[in-house]
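Here's a quick briefing to read alongside the model.

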Amino acid sequence: MGHFLSLFFFAFLQSFFLVNGNNDNLTHQPLVPINRDLYHSSGDLMEMINGLVHRHPDKLTMETIKSINKGYQAEISVVTYCRGRKDNDDSSKFRILLSFGQHGRELISTELAFRILSILSEEQFLPNVDSAYLNSTLDKLVIKVVPMENLNGRKIVEAGDLCERRNGRGVDLNRNWSVDWGKKEKDYDPYEENPGAGPFSEPETQIMRKLAISFDPHVWVNVHSGMEALFMPYDHRNTTPDGVSSHQMKLLLEEVNHLHCQNRCMIGSGGGSVGYLAHGTATDYMYDIIRVPMAFTFEIYGDGAASSKDCFKMFNPTDLTTFNRVLNDWSAAFFTIFKLGPQQLGEVHSKVHVPNIHTEESIDEYLNGYLMERSSRHGKKMEVLDVGLQEMRTYFRLFLLSSVLLLFMFCSRIAKSKSSRSVLPATL
């Protein structure tokens, strides 16, 4: 009887774990891996972009900028599009700065960068667009494209961590800018939003900041995935800015939404629309500090039905039809920006340059050469001494601390001297 009960109990346990295991398989589907048939590796993608530049030197140039901070090194490649490279005066043209791949897991954004560059180089074409009209529009523009801002983070994703959005040392590059830096909401998640040791502590954001200052764009677009949305400032507030510039941005986004998003894209401030406030973002910095008249964050794709752990599926199309639709729709949207942006802003020089930029930077950024020479919109050379308030406070604290220490040492020496003289035997 005891033997029978033991066998029955063992069979019960087996069936229990089997049933629970089956339920677990039903509720936890296998995670979707990177579709290597659709998506290029970071190395292959940059090699293909380099090939585009090599084949079209009359339209494209590329530079790779490197920076290092406390042993952590990063590099960012920047592709510049300008028809007729003999004209090197960017100040006479309408300037657009685009950044892709700021978060490593958002592979679709870097594929869009490659598609846009392929169209600009005329190796691919937009359907139903007159090439002569398109070229007349592009003649007036200088476009800088950062195809992959977060190369180190992208490599981590390619190695298997499909949910990683941060850079190579765990900092979210879209929380590392100085506008409202470091503030944490109640639902703060360091894995998602680690802002770093200080504003611009990361080489990637240092490079992007210098690029923005030197290029002085009229339009900035930071391209992400996770939903379908067209965001304007602010990310750290639930409101949009006041004034004409805000109205112009909203009009442009409404047109893009109607033409290319079938009116399904969310429009408004990032902080007021996405459901949470984000502090220290690139777009808020571009608008508030660099004074970019039109500063946007575009979210080009999202699978709301995907599990929060199934990051590749959540942030990237997994089938060929959706992949092509996203690239076609959003590349067309960007060329609408190229056409309507200058019209919305009016004359090229409508952007007022503010030379005294008040920012809070890291001490490493200052020591790496914070004094830079640049051309203003009117072609005049000027020195921009952009010393951040954080550094000034740091120097002041160091000065006070040094003064107190020196005073303490001086007083201690005097006290010790008096004490020594008091114990000497009298000689008179």
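Is cysteine 265 buried or exposed? Cysteine 265 is buried, at a relative accessible area of 7%, where buried means under 20% relative accessible area, exposed over 50% and partly exposed in between (1.4 Å probe, protein chains only). Keep in mind that this is a predicted model: local features need pLDDT of at least 70, side-chain atom pairs count only at pLDDT 80 or more, and totals for chains, interfaces and linings use all residues. Residues are numbered from 1 along each chain as its sequence is written, and side-chain values use heavy atoms, with hydrogens and water left out.

**Disulfides**

- You'll find 2 disulfides here, a disulfide being a pair of cysteine sulfur atoms within 2.5 Å.
- One of them links cysteine 261 and cysteine 265, with the sulfur atoms 1.6 Å apart.
- Its S-S torsion is about 50 degrees, so the disulfide of cysteine 261 and cysteine 265 is right-handed.
- Cysteine 261 is buried too, with a relative accessible area of 2%.
- Cysteine 163 is bonded to cysteine 311, S to S 2.0 Å.
- Cysteine 163 sits in the loop between α5 (151-158) and α6 (190-193), and cysteine 311 in helix α11 (residues 311-315), so this pair ties together parts that are 148 residues apart in sequence.
- The torsion about the S-S bond of cysteine 163 and cysteine 311 is about 95 degrees, so that disulfide is right-handed.
- Cysteine 163 and cysteine 311 are both buried.
- Count the bonded cysteines in sequence order and the pairing reads 1-4, 2-3.

**Another cysteine**

- Cysteine 82 counts as buried, at 1% relative accessibility.

**Strands and helices**

- The chain has 14 helices and 10 strands; helices (H or I, at least four residues) and strands (E, at least two) are DSSP runs, numbered from the N terminus.
- Strands β6 (residues 227-232) and β7 (residues 266-269) run parallel and are joined by 4 bridges; two strands pair if DSSP finds at least two bridges between them.
- Phenylalanine 231 is opposite glycine 268 in β7.
- Together with helix α8 (residues 244-260), β6 and β7 make a right-handed β-α-β unit: with the strands pointing away from the viewer, the path from the first strand over the helix to the second runs clockwise.

**Whole chain**

- Of the chain's 428 residues, 48% count as buried.
- Among contacts (heavy atoms within 4.5 Å) with a separation of 6 or more, 78% are between residues 24 or more positions apart.
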